[in-house]
Amino acid sequence: MKSAIQVALNNISKPKLGIEITSYMQNVLRFRGLLQPQIETIFKQFRKEINQLNDNEKYDLADSLMKEQFGEDKRFGLMVAEKIRFDYTKIKKTEEWFLEGFIKDWGTSDIYCSRVLKNFVQDKQNAKLMIEWSKSNNLWMRRSSCVGFIFLVNKNKCDLNMLFDICQENIIHQERFNQLGTGWLLRELSQVDLKQVIQFIERNLQYFSSEGLRYAYEKMKECEQDYLRELLKQYKKQKKGLKENI
């Protein structure tokens with residue numbers, strides 16, 4: 001089935017578009033040249049066959065596609081993976097996708113979070129695994145430990161204290177996509193516990209990039225945004241002054 005899927009994807013791809021998307025993604029990942037609605041059209045063609053597979057067979061198909069070089073193949077693989085009932089053992093197997101470099105860009109990482117990880121972490125016992133991920137040396141696992149929850153915070157399906165612990169592990173890293181993932185999660189947390197989010201930012205001001213902070217306060221009132229912007233501005237000014245005096 002995998003070969004048939006790849007032929008179908010390739011038949012409607014536009015190589016020029018593939019070059020454009022590859023360039024947009026900083027050449028981290030190659031693309032055939034399909035937009036998401038086109039991938040979904042191909043998926044519908046194979047849906048019946050995919051639904052007839054058991055979970056292990058679905059995983060093998062998803063795993064095989066995730067190891068391919070093209071972004072569209074990976075996205076198709078994640079659409080297959082979304083149909084799997086992931087328990088702890090199965091989700092641990094997907095760690096290979098990160099550690100072996102099959103997920104190495106924000107696009108694939110975030111689709112993984114929305115299609116696979118979101119469903120797994122709705123169980124609060126499963127969600128505890130994300131503490132482990134937040135401490136990983138792998139950037140995309142750390143980011144996923146935040147992004148996997150952004151769709152769930154307002155649905156009362158999360159241990160909020162655990163989410164702040166995850167943010168704490170993430171914010172100390174200066175990589176842009178770590179900062180953004182942390183900012184996204186704090187943005188959603190601000191809608192359910194604004195006071196604790198502001199206190200978190202105050203305690204960790206030294207770690208925030210301007211961009212990360214901007215996402216964190218995106219849904220706050222203007223007065224709160226002004227307060228946090230000024231706080232970061234004064235911290236950077238003070239830090240610069242200390243360096244000049246050394």
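1. Basis. This is a predicted model, in which local features need pLDDT of at least 70, side-chain atom pairs count only at pLDDT 80 or more, and totals for chains, interfaces and linings use all residues. Residues are numbered from 1 along each chain as its sequence is written, and side-chain values use heavy atoms, with hydrogens and water left out.

2. Serine 109. This residue sits in helix 8, residues 106-120 (helices, H or I, of at least four residues, are DSSP runs numbered from the N terminus). Serine 109 has a relative accessible area of 0%, so it is classed as buried (buried means under 20% relative accessible area, exposed over 50%, partly exposed in between, with a 1.4 Å probe and protein chains only). Leaving aside residues up to four places away in sequence, serine 109 touches Ile103, Trp140, Arg143 and Ser144 (contact means heavy atoms within 4.5 Å).

3. Cysteines. The structure holds zero disulfides (a disulfide is a pair of cysteine sulfur atoms within 2.5 Å). For cysteine 158, the nearest cysteine sulfur belongs to cysteine 167 and is 11 Å away. Cysteine 158 is buried at 9% relative accessible area, whereas cysteine 223 is exposed at 52%.

4. Salt bridges overall. The whole structure has 15 salt bridges (a side-chain nitrogen of Lys or Arg within 4 Å of a carboxyl oxygen of Asp or Glu). Side chains of opposite charge can pair when their charged atoms come close.

5. Glutamate 68 and lysine 2. Their side chains form a salt bridge with an N to O distance of 2.7 Å. Glutamate 68 is in the loop between helix 4 (55-66) and helix 5 (71-81), lysine 2 is in helix 1 (residues 2-11), and the two are 66 residues apart. Both ends are partly exposed: glutamate 68 at 23% and lysine 2 at 22%.

6. Arginine 85 and aspartate 55. This salt bridge spans 3.4 Å, N to O. Arginine 85 is in the loop between helix 5 and helix 6 (88-93) and aspartate 55 is in helix 4, so the pair ties together parts 30 residues apart in sequence. Arginine 85 is exposed at 66%, while aspartate 55 is buried at 10%.

7. Arginine 187 and glutamate 218. Here the N to O distance of the salt bridge is 3.1 Å. Arginine 187 belongs to helix 13 (residues 176-189), and glutamate 218 to the loop between helix 15 (210-216) and helix 16 (222-245), 31 residues apart. Arginine 187 is buried at 13%; glutamate 218 is partly exposed at 44%. A network of salt bridges links Arg187, Glu188, Glu218 and Lys219.
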